[in-house]
Structure formats: structure tokens, C-alpha cells
Amino acid sequence: MLVPKHPRSLRARLTLIAAGLAACLLIPIAVVLNVLVRHAVAEGIWNESLDTASRVAASIRDGTLTDPVPTGANGIDLVEVVGSDGRVIAGSAAARGVHRLSPLHPAADGDVTQTTSCAPHGRDCIYVTVVRVLPDSGSDFVYAGRAAPAILVSPLALPSLLLLALLLAALSGWAAWKSAGRVLRPVEAIRSELAGIGEKNPGSRVPEPPGDDEIAVLARTANDTLARLDTSIRRQRQFAADASHELLTPIAGIRAQLESARLHPEDTPEAVLAALRDTERLEAIVSDLLLLARIPTVPETAREEVDLSHLVVAEVDRRPGRLPTQLHETPGVVIRGMRRHLARVVANLLDNAERHALTVVSVRIERAEDEAVLCVRNDGGCIPEADHERIFERFYRTDAARSRSRGGTGLGLAIAREVVEAHGGSIRVENVEDGVRFVLRLPLAPGHPDEPDPDGPDPGGQNARPRMEDTQS
């Protein structure tokens, strides 16, 4: 059966990898082990046969040789004493049935020879050591040896070891299969739960296994992602509902004014003016929605260095000044961003402050370490703590009727937060003793450290510039 080149199952891959690695490791070990064992057994036989032959040669020199030649308990049972003429002088009891253990004998310049003597058919091999008794040319020779053990002559030794290696590799694969199944069981649970999440149950979560391993971290990360997606879906649905309502309101007003003009021609001028007001409101809402959609797509290359102080001063001077505005600026507060978007943020914050202020609006620009800080304060009523985050949502109003009557689209603060966060900053609202303060923080542009203005600012590091009238901040 052909094994697929790339199994789809991670469990199968891990099993194949484990079995393959085990086989690649165990098969060479089996071959090397077979060679080492055979070599060790042969060396043991050579050493024992040499000891036996040396002992018999010593007994010949001492004149204590007996026939049959006694053998020791080391397994060397084949011993022959052969004269220089090739005649067998004495032998062990086991060697009686053997014509000659080996026809070889040590060379003229040697005392010991070791050899393997086998029958013509290649079986029944004998490991033999030959020792010269005396150094002269007419010396006798002692042959000592034994039949080769099964481990050295059996053709099944290496195949048995290879089969054992394959069985161990298969066992490793089985263990990897079981272990991978146990480890991946939570992954399958996460997968099946994710597969069941859809529009009807976006709030579902995947099961989180105990512990802090990778799978547990994956499950927690997946749940965090699902929570963010759920929140985003809910906000999008709420936004769609609010946007449709906000768009339908001026459209309905325009329709009503046009129908009134058709039914009462004498009221046409007033109806046209009312329709134009509703059209302007509809245009403002659509423009703000398009701006919100474009903010995340602005490329980094479109940004430039912007002096926040100059930007705020220009925006304050441009406004008609319904209420007194107190401005405290620190020159040279340079940030990097989209000038048009940042100007819209300042305008929205000032619009919001003027809409809710009672007597005065206060604006302050300063540095704080590596950040530019813009504070816009009004002396209107405080915002409930529960609404500190909600006021930055799209179309959220603390007083819907009043805001619509004053011309707000309900998107100003949402646009401000989107722009600020797109520039790597933050914006928050705080209740202060004499009103409400919006605090905007943006990172300073690179190359503009927190240093005094080279033109020489006032000793306090700030320039107070009142507009219309100066009131204490």
C-alpha cells in the first residue's frame, strides 16, 4: 500500500515521523550491534584458545604432556599436538574424530597463528589458534580451538536484529499515535467548537484546557479573538441600526418638507429652507461616515510633521467665538501625522466643548516626556462615569434631542478617537472640579526632543494666549 506523500492528519504525520526516526536510528544500531557482538565473541574465542594452546605448549616443554590432552572449562575442547612432520602426536578427547584442525602453522618468523577452518560447504567452522612449542625449525605445534558458536554462523542473527528494530520502530509509532491523539484532543474540541460558531451564536467560546501549555494559550487567545470579534459584530450591528436611523431622520424631514410645499405652495420658501437644513445634516453625516471609513487606510507616506500648537491656534482663530476661549500653548510641539485629520480632531473637540460649555472653553498644549498633550476643558456639567467610554461610540449622545437640535452628527468624538488611535495616541475624558476635560496624547515626531523653544519662551515654558477674554484655567 502506498503511503500518501503528505498526510492530511497532523497525528498521522507525527506518527510517521516518530516511526521513521526510530527506524533510521534503530536499524543502524542493529547492524553495528551485530558487528560488535560478533567481533567480541570471536575475540573471546581467540583469547581462550591462545591461553589453552600456550598452556599445552608449556606442558610439552616441561615433559608433562598426557594423551588425551586435558582441556579447561573455557570451552576450548579441540586440542591437537602435531609434530614438524605433520603427524598428530596427541589430542583431546573431542579432537579424536577430527583428522586435522587446520593445515596451517606459524611462519618461520612467528610463534602464533590464528585462523578459521571451515568445511568445504562453508559450514561447521572451527576457530583455531596455532602455537609453536620451540623456536627451532623442528618444533612441534599445538592446535587449540572450538567450533564456532551459533551467533557467529547463524544467518538469522542480523535479520533477527533488524526485525527487532522494525518492531521497536512500530512500537514507537504506536506510542506517538496515542500520545498525539491525547495531545491533540483539545485541538479537535477547539476546531469543532469554532466550526459551529456563526451569525446566530457569535458569543460562543472554545473550551480552554487547564494548564499553561501551547494549546491552553491557543484556546485563550482564540477566546480573546472571539470576544473582540463578538464585540465588533455587536458594534457594527448597532452602528448599522443607528446609521440607518440617523440617515432616515433627515431624509424623512426632507420628504415631509417637500410634500408640505406641494400641498401648500404659499409655504414653499420655508419648506425649501427646512429641506436645505436637513440636506446639510444628511451631507454632514455621510461625510463623517466616509471619513471614518478612510481613516484606517491612510498610508504612512501621506503623513507629515505638524506643529500642534500652530494647528490649534489656527483652529481657535478661525472659529466665530460663541464663548470665550482661553488658550495656553507651548511652541514647537511637533507631531507626525495627517494635518487634515488632526485639524478635524481639534475642531471636533472644540465643537463639543462649545456645545456643552456654560461660560468658557480652555485649551492647553504642552509636552510630557515624549508625548504631545492637548487638553480641552469646558465648564459644563460632568459626564457620568459609565458614559466615559460610550461617548466615543458612533452616534452615541448623552442628550440625543439636544444634540440633534444643535446640529451634531453624533460622530465627532468617534472620529477623534479613530484619528488619534491611528496616529498611535490616546484620548480620554475626565471630570474635573469645574467641568469636563478631554485629554489627547500623541507621540512627538522623531528628532523633536523635549527642549525649550529656541526663540525663548516665557519662564514657565508656556505662552498664555487668551482669546476674547482671559480667565483662570
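In α7, residues H341, L342, R344, V345, N348, L349 and N352 meet G412, L413, I415, A416, V419 and V420 of α9. This is a predicted model.

**α7 with α9**

- The axes of α7, which spans residues 339-356, and α9 come within 9 Å and cross at roughly 145°.
- The α7/α9 crossing is left-handed.
- Sorted by class, this contact between α7 and α9 holds eight nonpolar residues, four polar residues and one charged residue.

**α5 with α9**

- Helix α5 covers residues 268-294 and packs on α9 at an angle of about 20°, with the two axes 10 Å apart.
- At that angle α5 and α9 are therefore roughly parallel to each other, and their crossing is left-handed.
- On the α5 side the contact is made by D288, L291 and L292, and on the α9 side by A414, I415 and E418.
- By class, four of these contact residues are nonpolar, none is polar and two are charged.

**α3 with α4**

- Helix α3 (residues 157-195) and α4 have axes that come within 10 Å and cross at roughly 15°.
- Because angles under 35 degrees count as roughly parallel, α3 is roughly parallel to α4.
- In passing α4, α3 makes a left-handed crossing.
- From α3 the contact takes V183, P186, V187, I190 and L194, and from α4 it takes I215, A219 and L226.
- The class count for the contact of α3 with α4 is eight nonpolar, no polar and no charged residues.

**Second largest pocket**

- The second largest pocket holds about 580 Å³ of space.
- Its lining consists of 19 residues, and those that lie nearest the centre of the pocket are R235, F392, E393, R394 and E418.
- The elements giving two or more residues to this lining are α4 (214-263) and α9 (412-422).
- Helix α4 supplies the largest share of the lining, with eight residues.
- By class, the lining of the second largest pocket has ten charged, five nonpolar and four polar residues.

**Cavities**

- The model has three cavities of 30 Å³ or more.
- About 40 Å³ of space lies in the largest cavity.
- The residues lining the largest cavity are I295, V298, R303, M338, H341, V419, A422 and H423.
- By class, the lining of the largest cavity comprises five nonpolar residues, two polar residues and one charged residue.

**Backbone geometry**

- D67 and P68 are joined by a cis peptide bond, with omega about 5°.
- P68 belongs to the loop between α1 (10-62) and β1 (78-82).
- E369 has a phi near 60°, a positive value in a residue other than glycine.
- The loop between β9 (361-368) and β10 (371-378) contains E369.

Methods. Residues are numbered from 1 along each chain as its sequence is written. This is a predicted model: local features need pLDDT of at least 70, side-chain atom pairs count only at pLDDT 80 or more; totals for chains, interfaces and linings use all residues. Side-chain values use heavy atoms; hydrogens and water are left out. On a 1 Å grid over the protein atoms alone, a cavity is a set of points where a 1.4 Å probe fits but cannot get out, and a pocket is an open set with protein on both sides within 12 Å along at least five of seven lines; lining residues have an atom within 4 Å of a point. Grid points are joined across faces, edges and corners, and a volume is the space filled by probe spheres set on the points. Helices (H or I, at least four residues) and strands (E, at least two) are DSSP runs, numbered from the N terminus. Ala, Val, Leu, Ile, Met, Phe, Trp, Tyr, Cys and Pro count as nonpolar, Asp, Glu, Lys and Arg as charged, and the others, Gly among them, as polar. Axes are lines fitted to C-alpha atoms, for helices over the stretch in contact, and angles run from 0 to 180 degrees between N-to-C directions. Angles under 35 degrees count as roughly parallel, over 145 as roughly antiparallel, 65 to 115 as roughly perpendicular and the rest as oblique. A crossing is left-handed if the near helix is turned anticlockwise from the far one by less than a right angle, and right-handed if clockwise. Contact means heavy atoms within 4.5 Å.
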